[in-house]
Amino acid sequence: MTSLSVEMLAADTVEPITSAGNAQLGIAVLAGIAVIVLLITKFKLHAFLALTIGSLALGAFAGAPLGAAIASFTTGLGSTVAGVGVLIALGAILGKLLADSGGADQIVDTILARASGRAMPWAMVLIASIIGLPLFFEVGIVLLIPVVLMVAKRGNYSLMRIGIPALAGLSVMHGLIPPHPGPLVAIDAVGANLGVTLALGLVVAVPTVIIAGPVFSKYAARWVDIPAPEKMIPQRQSEHLEKRPSFGATVATVLLPVVLMMAKALVDIVVDDPEHSVQRVTDVIGSPLIALLAAVVLGLFTLGRAAGFTKERLSSTVEKSLAPIAGVLLIVGAGGGFKQTLIDIGVGRMILDFSEDWAIPTLLLAWLIAVAIRLATGSATVATISAAGLVAPLAADMSTSHAALLVLAIGAGSLFFSHVNDAGFWLVKEYFGMSVGQTIKTWSVMETIISVVGIVFVLLLSLVL
């Protein structure tokens with residue numbers, strides 16, 4: 001949802017598609033979310049179908065005509081995919097190039113060659129954070145786990161001492177830092193500035209990842225002291241390549257979109273003149289589309305060609321990167337449809353009416369809503385999309401910095417206590433060879449620490465900015 005549509009909503013110029021009162025709308029929202037939760041958890045339905053059915057149920061419970069509910073859903077789906085679909089695709093291409101070219105392995109090997117002993121958990125955080133910038137969480141786990149297992153085995157470290165920092169780095173990037181799908185959708189929904197959100201996201205991410213990673217890993221290693229499971233150490237991605245990209249070129253490629261987007265944010269603050277030539281240039285090169293596209297084009301040469309890829313191999317790599325994100329795009333799109341249905345039935349006005357009497361801060365409210373949906377559905381992305389749709393109207397009168405903090409509050413809430421209804425929970429459990437109880441004591445607690453520390457730093461920033 002654009003900032004314009006948020007302002008329109010706040011001004012009450014958007015006519016709801018139903019005349020239901022606040023009580024009926026409140027019940028409709030709870031029922032709609034309950035339908036989604038039930039379909040995902042009880043009936044194991046794909047999140048795309050669950051969100052689609054839940055959106056139609058939401059409209060029906062609110063007393064909206066079926067045709068109007070369908071129109072709201074399809075409009076929201078289309079605008080969300082239009083807003084973030086290309087960015088998700090470009091991020092997937094960059095991640096695939098990074099993995100297949102051996103660039104990820106090059107980052108890992110270079111940092112590990114310079115770290116040992118007590119520095120190793122910090123090195124793992126650094127590796128995971130750099131690699132996690134362009135990669136989806138699941139891809140990052142698959143890429144990093146072999147490294148974690150090899151380092152633990154080769155250096156005779158506790159698996160948790162090495163693994164928790166790596167997982168924390170990936171998880172924080174996934175929940176708080178664009179261009180990951182969750183933060184992108186939340187930015188779009190509340191009309192936040194992407195560059196400012198990225199800059200503040202990094203400010204929140206650094207202390208959060210330190211506390212949840214290297215610091216917490218000391219305790220996790222005491223609670224669950226297990227060696228790396230031999231059967232899970234697979235072949236590394238670049239072992240069959242004759243050459244691979246240099247460390248400098250790989251890091252520069254990964255960080256290029258971050259640098260361009262942050263440059264735009266800084267120029268917007270310092271120059272603050274849309275007609276100024278410098279700001280006009282940075283507005284173009286710092287837009288998410290151009291920044292990510294530039295990184296992908298650069299990556300074709302610094303990663304693909306540097307690894308000796310032919311034109312055919314490069315084309316194949318790009319093609320293979322797009323297939324796995326179809327499900328992500330559909331879930332994100334359906335989440336946008338659900339969000340638009342919420343807006344069109346008048347939930348925005350209802351929340352604005354209620355919030356005038358609430359003593360709870362908006363940022364904390366956004367976090368709590370995301371926490372509730374995350375606990376129920378197990379999906380950080382679904383929690384982010386749904387919470388962003390619910391609290392978007394509250395961003396209408398917010399400053400640029402507070403709108404960005406609202407996105408980060410939602411992102412932090414979406415990571416709270418991963419448990420048995422989350423695919424990431426089972427991925428970590430199987431790779432590390434842990435029991436369900438051990439996974440809860442390590443992975444689930446780590447996710448909760450990220451969520452709680454994240455919202456604490458967001459609230460502290462809100463007092464300063």
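Phe416 is buried, at 18% relative accessibility; buried means under 20% relative accessible area, exposed over 50%, and partly exposed in between, with a 1.4 Å probe and protein chains only. This is a predicted model, in which local features need pLDDT of at least 70 and side-chain atom pairs count only at pLDDT 80 or more, while totals for chains, interfaces and linings use all residues. Residues are numbered from 1 along each chain as its sequence is written, and side-chain values use heavy atoms, leaving out hydrogens and water.

Let me turn to the ring pairs. Rings of Phe, Tyr and Trp (its six-membered ring) pair if their centres lie within 6.5 Å; planes under 30 degrees apart count as stacked, over 60 as edge-to-face and the rest as tilted. By this rule there are two aromatic pairs. In one, the ring centres of Phe216 and Trp223 are 5.7 Å apart and the planes meet at 65°, so the arrangement is edge-to-face. Phe216 is buried at 5% relative accessible area, whereas Trp223 is partly exposed at 46%.

Trp367 and Phe416 also form an edge-to-face pair, with 5.9 Å between centres and 85° between planes. Trp367, too, is buried, its relative accessible area being 10%.

Finally, the glycine. Gly59 is buried at 0% relative accessibility. Its C-alpha atom is separated by 8.5 Å from that of Ile70, eleven residues apart along the chain. Not counting residues up to four places away in sequence, Gly59 touches Ala64, Ala69 and Thr341, where contact means heavy atoms within 4.5 Å.
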